[in-house]
Amino acid sequence: MPARFACRLAAAAFVLAVATPSASYATLPPTVDGQPLPSLAPMLEKVTPAVVNISTKTRVQVRNPFFDDPVFRQFFGMQGAPRSRVEQSLGSGVIADAAKGYILTNNHVVGGADDITVTLQDGRDFKGKLVGTDPDTDVAVVQIQASNLQALPTADSSKLRVGDFVVAVGDPFGLGQTVTSGIVSALSRSGLGGTGFQNFIQTDASINPGNSGGALVNLRGELVGINTMIISPSGGNVGIGFAIPTNLAGEVMQQLVAHGKVNRGNLGLETQDITPRIAKVLGLKDNNGAVVTRVTTGSAADSADIQTGDVITAVDGKPVRNAQDLRNAEGLLPIGSTVKLTVQRSGATREVTAKLVPEKLATVDGAKLDARLAGVTFSELTQNLRSQGLGGVSVGAVQSGSRAARAGLQANDIVIGINNLRIPDLRTLQQLTGVNPRQLVLVVSNDEGVRYVEIR
């Protein structure tokens, strides 16, 4: 055998011997130097039974003008054509109260659903009852009637620090319960788009579609957040996920259980961002803060002697960078909270206190406006919506079987026009409907877009 070939054979044998360990070392040893290897398994054995799968069905009305024409339906043989379709979605939830069967999840998981099914880790299925939802924080509560439930203990999310290890548990892509781990990447994230109040925990623990409403826990197995959204150019996880802190979710849950909705406090003022031009006019050193543009008479802000032109720079010592920061801070506090505002006026800085009170919104019965609007309640837009530059009138309730309901008007719709005339507020609505127009066509806006609703 040539020496060169023998050397190659010997080298190959050496590599094979090194790359193929004996069977006794094929897995990690249970201990190293007498110490057990760290594992999340013992903690997760206590956590995973409290995380559930939530599946929903929503019946969506098919809007097609041809379906509404009986001649067209008969001519083309469409008498039996479906007038609605069923949309299905999957998400997750966390058992927060085992005795009463309360489950915390996201509003976007169960909001508007007609049927809710909750599946436990042990495979049991239960019909879920929607207790209440809060779109502004994306929190919802579902209740099931079941025995032998296990709830997660809750931690104080205000004690989280950037760098703390966390674990996300949920049901991504409908695969079944899945666990991912990471760290807290940032705290108090806001300004991520949308119209809600935001105070997110940011984490790099993988969160994917279907994880929404699932648990974010610390290494003690305590709930610190409800997974809710991701930022991703592709729709998959890229290491930037967000969870609602348990302190916020817990406060919202208490109100939803007690009232079915969240009653937020209100300062009674409107503000806007500070531009370089406004900063120059007011003699400010920078653009930080929110300048007051309107104060409601008799409001908490009015009692605290806040005036138009004042600049609010901090709430309870936390800096306010812009109007969104102030709106966020106001919306995350419960009714009755006393807040300390740092205010600048004419170059001087002072601190005032104000107590958040319920927002009073004027309402009107649709029957008093026009007989065709009987069964509909209209109200002014909340300050939260007005501060985002929205105008119109909110639809508070629509009676089943009324003309408006048959035409497709829904609660929480916003009427922005009548017969192509703009409706900026409740007073304008009263004026336009008072003339009893021959045709009554409402221009309506909601999360799905703008549409026309003709009420006959």
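**Salt bridges, a barrel and some buried residues**

Me: The side chains of Arg321 and Asp325 join in a salt bridge in this predicted model. What makes the pair a salt bridge?

Reply: Their N to O distance is 2.7 Å. The cut-off is 4 Å between a side-chain nitrogen of Lys or Arg and a carboxyl oxygen of Asp or Glu, so Arg321 and Asp325 qualify.

Me: And why is Asp325 called buried?

Reply: Asp325 has 13% relative accessibility, and buried means under 20%. So buried it is for Asp325.

Me: How do you know that Lys340 and Glu351 form a salt bridge?

Reply: Their side chains come to 3.9 Å, N to O, and the limit is 4 Å, so the pair counts. Lys340 belongs to strand 21 (residues 338–345) and Glu351 to strand 22 (residues 348–355), so the bridge ties together parts that are 11 residues apart in sequence.

Me: How many salt bridges turn up in the whole structure?

Reply: A search finds 12. One more pair worth a look is Arg294 with Glu270, whose closest N and O atoms are 3.2 Å apart. Arg294 sits in strand 18 (residues 290–295) and Glu270 in strand 17 (residues 269–273), so this pair links parts that are 24 residues apart in sequence.

Me: Why do Arg294 and Glu270 get the burial labels they do?

Reply: Arg294 is at 40% relative accessibility, so it counts as partly exposed. Glu270 is at 18%, which is under the 20% line, so Glu270 counts as buried.

Me: OK, on to the barrel. What makes it one?

Reply: Six strands close up in the order 10-11-12-15-14-13, with antiparallel pairing. On average, neighbouring strands of this sheet are turned by 45° against each other, direction ignored. Helix 5 (residues 246–259) packs on the sheet, where it touches strand 14 (223–230) and strand 15 (241–245). The direction of helix 5 makes about 50° with that of strand 15.

Me: How do you know that strands 11 and 12 are paired?

Reply: Strand 11 (residues 178–189) and strand 12 (residues 200–203) share three bridges, in the antiparallel sense. At least two are needed, so they pair. Ala186, for example, stands opposite Gln202 in strand 12.

Me: Gly213 is in the loop between strand 12 and strand 13 (215–217). Why is Gly213 called buried?

Reply: Because Gly213 has 0% relative accessibility, and the cut-off is under 20%. Beyond its neighbours within four places in sequence, Gly213 contacts residues including Ser92, Leu104, Asn106 and Ile226.

Key:
Residues numbered from 1 in each chain as written. Predicted model: local features only at pLDDT ≥ 70, side-chain atom pairs only at ≥ 80, totals over all residues. Heavy atoms only, no water. Helix = DSSP H or I, 4+ residues; strand = E, 2+ residues; numbered from the N terminus. Axes fitted to C-alpha atoms, helices over the stretch in contact; angles between N-to-C directions. Contact = heavy atoms within 4.5 Å. Buried < 20%, exposed > 50% of the residue type's maximum accessible area, 1.4 Å probe, protein only.
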